[in-house]
Amino acid sequence: ENRFRVVALDLPGFGLTGPDPTGDYSDERSVAVLVALLDRLGIGQAAVVGSSMGGRIAWRFAAAEPARVSKLVLMAPDGFASFGREYGRAPERLPWLMRLLPYTAPKPLLERTMRNAYAVPGTLTDAVVERYHAMLLAPGVRRAILDRVLQTRLLQPEPILATIRAPVLLLWGERDGAVPATHAADYERALRDARIVILPGIGHVPMEEAPEASARVLRAFLDGETSG
């Protein structure tokens, strides 16, 4: 029974969307893009799902537009400071490999970087790497990715997360090498209504590594009661 309407999007600068003509890749701009998309599609309220960086934008959206979010699903969301990332400041220096991104994107290097996100053997296939690489080569995408990194200023998450009224599902892979599952407790402490599901043996992309298990958890949350 497929009773959910699913709207999937590429944020500007990713996938097939291409660069944002404004050149603005701040989280505030991403929230405005999501508002405009929902308005264009005539969607008053939705369950919002975000993964990794998209997770950070999803919780920023839920805080900024509470009436538009019925439930919130955060899959290994970004947002808390980590080594080399401070609150309130864009990165001063980027790794030299990232500085080369607008000029070159060797596939072996991309594959090596992607391995950190996948924990299930056989999931990171040549076809997956080829798809990511092809999208990376789309006009303006590499520059846009770099610009987004340079423009991203992390805000202290706790005061923002505390304002979110929607029920939240925190979905994490136990073997996430990009955003460790231990961060789930940081989110749970800051949120009013959150529950955590950790998938054993899974990495940073549960929707690719364990699609059936991820869908089961997601459906149970969307179908279930709103208090956790």
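**Close-up views of a predicted model**

**View 1. Ser52 in a loop.** Ser52 is found in the loop that links strand E1 to helix H2, where helices (H or I, at least four residues) and strands (E, at least two) are DSSP runs numbered from the N terminus. Although Ser52 is not a glycine, its phi is positive, at about 60 degrees. Most residues other than glycine have a negative phi. This is a predicted model, in which local features need pLDDT of at least 70 and side-chain atom pairs count only at pLDDT 80 or more, while totals for chains, interfaces and linings use all residues. Residues are numbered from 1 along each chain as its sequence is written, and side-chain values use heavy atoms, with hydrogens and water left out.

**View 2. Ala76, a second residue with positive phi.** Ala76, in the loop between E2 and helix H3 (96-99), has a positive phi near 45 degrees and is likewise a residue other than glycine. With a relative accessibility of 1%, Ala76 counts as buried, a term that means under 20% relative accessible area, with exposed being over 50% and partly exposed in between (1.4 Å probe, protein chains only).

**View 3. The largest nonpolar core.** A nonpolar core is a set of buried Ala, Val, Leu, Ile, Met, Phe, Trp, Tyr and Cys residues joined through side-chain atoms within 4.5 Å, and the largest one here has 32 residues, with Leu72, Ile164 and Tyr187 making the most contacts inside it. Among the elements that give two or more residues to this core are helix H1 (27-41), strand E1 (46-51), helix H2 (53-64) and strand E2 (69-75), and H2 gives the most, with five residues. Leaving aside residues up to four places away in sequence, Ile164 touches Trp59, Ala62, Ala63, Leu72, Leu191 and Arg192, where contact means heavy atoms within 4.5 Å.

View 4. Strands pair if DSSP finds at least two bridges between them; E2 and E3 run parallel and are joined by four bridges, with Leu74 standing opposite Leu170. E3 also runs parallel to strand E4 (residues 194-199), to which six bridges join it, and Ala194 in E4 is the bridge partner of Val168. From E3 the chain crosses through H8 to E4 in a right-handed β-α-β crossover, meaning that, with the strands pointing away from the viewer, the path from the first strand over the helix to the second runs clockwise.
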